[in-house]
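Please find below some notes on the structure for a reader meeting it for the first time. They are set out as numbered points.

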Amino acid sequence: MDNIILRVNNLRKNYGKIEALKGVSFEVKKGEIFALIGPNGAGKTTTLRIVATLLTPTDGSVEFMGFDLRKNPDKIRQGITYLPEEAGAYKNLTGLDYLKFMANFYAEKPQDVDMYIERAIKIVGFKDRLKDKVGTYSKGMTRKLLLARALMTKPKLAILDEPTSGLDVINSLEIREVIREFVKEGVSVLLSSHNMLEIDFLSDRVAIINNGQILEIGEPKALKDKYSADNLEEVFRRLVQ
Amino acid sequence: MRKFTNLLKKEVKELITFQLIVSLLFTIGLFYFIGNIVQSEVQKAGEKRDIHVFNLDDSQESKALLDGLSYAGFKINLLEGKDKAEAIEYAKNSNINLLIVIPEGFSEAASKFQFKEIEAYSFIRSFSMTSSANAAIVDQVISEINKLLSNNFLKTNFPDFNPEDIKNPIKSRDFVVIKDIMAEGSAAEVSNIVYSQSIFIPVILMMIIVFSSQMVLSAMAMEKQDKTLETLLTVPISRNQIVIAKMAASALVGLISAGIYMLGFRYYMGGFMGNIHESGQLNELMQKLGLQFTSCDYVVLGISIFLAILCALGLTIILGVMVEDLKSAQTMILPLIFLVMIPYIISLFSDINSLSLPVKVLIMLIPFSHPFIASQNILLGNYAVVFYGILYMLVVFIILIFICGRIFSTDRVLTMKLRFGRKER
């Protein structure tokens, strides 16, 4: 039981008459990469935004390290970081200023900020450009900066929505490597993607979600075996059919 | 507190952009430039009035008349020439603006009360403030001549009387009464001084409110447009602190910007009002009537203005939640500008205190009305009205902050736009 860091139970979310989530339940274990996979509009982002304390669920519960989402959102925010799919950084700040700004929210003492920045520099890989304004960065550089921001504090749970969205193959590979490294150091990851091949490579367990409902949960290999499929895309197709 | 300071610093950094600094410097330069031009034109208009005279009546009386005009503040330049046409031609070619022609036999006719017409020629070469002053000079010259002639006549016929006493047998002494204080002086002069002192307050307030509100809206719009709001809302800092940091940064930058704009505006207005100054006598009158701000009055006025700014910022945050990008932010500021404009315009052209009760109540419901009328009420000693206004604005501000806090603590800050027809994924 102690191995569970996040427990999502029967989560529902309505936007007016639209039912975005129809009772989603899953758990994330410590030190694992748990992925939500599914097509656009399946409910992945809504689920992640609820866990990240951005949206209030219509029904159901979310418990992170024993804290209830409705009662203790501030406690939850101390242990998580969230990387939205279409996130940006403040264009008028330099990359370094942005990292310092974000680090200051998590640091307990001034030395922590320096430690976080050092970590972030290793992740981004473009130290020489960190003194330039974020507005001058390419999409790949901005995404790396944002990923560095999400991981530099070594959160208990990093929530990453489509972490490699819009990136080229090389940048995507680098980002996947970085995520894996941080998981080895004890960070748990909840991520979403509609790229099922990427998830196959990256995640320890996956939940296949469609139309606001989770259809299946398991390790990629176990799911492929269960549905006699070569990859997760085939698993998904069989589940939907 | 450290997290709040961190956020506040970021907000200020985001607001003070290169474009803002350039725009402020440009505005100051522009105001200074226009103010200087206006001031030089006003000075020109106020200098000793230069008139050119072609005197065809070569009598002692007309010479005395010209001496009288000179004594009355006109600089007399006599033109030599054979006839009127030649004098006009000369004036036309010599950059002369005003030519007065005294006809032949003028003095003799005047002594018999058979006045001949004095001809005044204004040469318009531009339509600046100086050229328009010519018409006024002509009136003044004629008025002075009439005065001199009538005084001479009265002196001759009634040597024991002062001509002024005959022309104006009823004299008056003006008194101004404010509440229990009475002092001798002109009500019009007192009103002018108070008006010239307090005219800046609505302008300053209007500028600060519009500036700060635009900054809050832009900051909110940028957060949404650049997709940074979601990240900010998940960091470990309370939502109330996010709201307050945004308001504080905007108020700070708004105050600085408005201060800089006002500096420029002062140069500009100085051009128009440079010649208005209080004489020692008038100053004494203002002191007697208690029409001067004390340090405490300034503090009360400052609190009133500050609360109005806070109310505007609270309202802007609520409007900002519905903003999606910079373009929609420009539209969203309009309701607030209207709310500020109503008391602003009324306070410039009328007295809010003298409006009918229902209209007055409606105006007073707008929180921004209170600082507009605060300065005059403070001067008139109506402190109760000012304090009620402060209390009212405080209540409005607390309600607005409560609403802001509620919006930011729920997902409405992200989903409110859904109600306006957009679908959330």
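1. Chain A of this predicted model is divided into domain 1 (1-27 + 52-71), domain 2 (85-194) and domain 3 (203-241), with bounds from an automatic or database domain assignment. Between domain 1 and domain 3 of chain A, the contact (heavy atoms within 4.5 Å) takes eight residues from domain 1 and seven residues from domain 3. The centres of these two domains, taken over C-alpha atoms, are 21 Å apart.

2. About 520 Å² is buried between domain 1 and domain 3 of chain A, and carbon and sulfur atoms give 52% of that area. Buried area is the accessible area (1.4 Å probe) that two parts lose on being put together, summed over both. On the domain 1 side, A:Lys22, A:Val24 and A:Glu27 lose the most area to domain 3, together 64% of what that side buries.

3. Chain B has 19 helices and six strands; helices (H or I, at least four residues) and strands (E, at least two) are DSSP runs, numbered from the N terminus. Of its 425 residues, 45% count as buried, meaning under 20% relative accessible area (1.4 Å probe, protein chains only).

4. Helix 18 of chain B (residues 383-409) has 27 residues and reaches 38 Å from first C-alpha to last, close to the 39 Å expected at 1.5 Å a residue, that is, 1.5 Å times one less than its number of residues. Its buried residues include B:Val386, B:Met393 and B:Phe408.

5. Residues are numbered from 1 along each chain as its sequence is written, and chains are lettered from A and ligands numbered from 1 in the order in which they are written. Local features need pLDDT of at least 70, side-chain atom pairs count only at pLDDT 80 or more, and totals for chains, interfaces and linings use all residues, while side-chain values use heavy atoms, with hydrogens and water left out.

Definitions and conventions
Buried means under 20% relative accessible area, exposed over 50%, partly exposed in between (1.4 Å probe, protein chains only).
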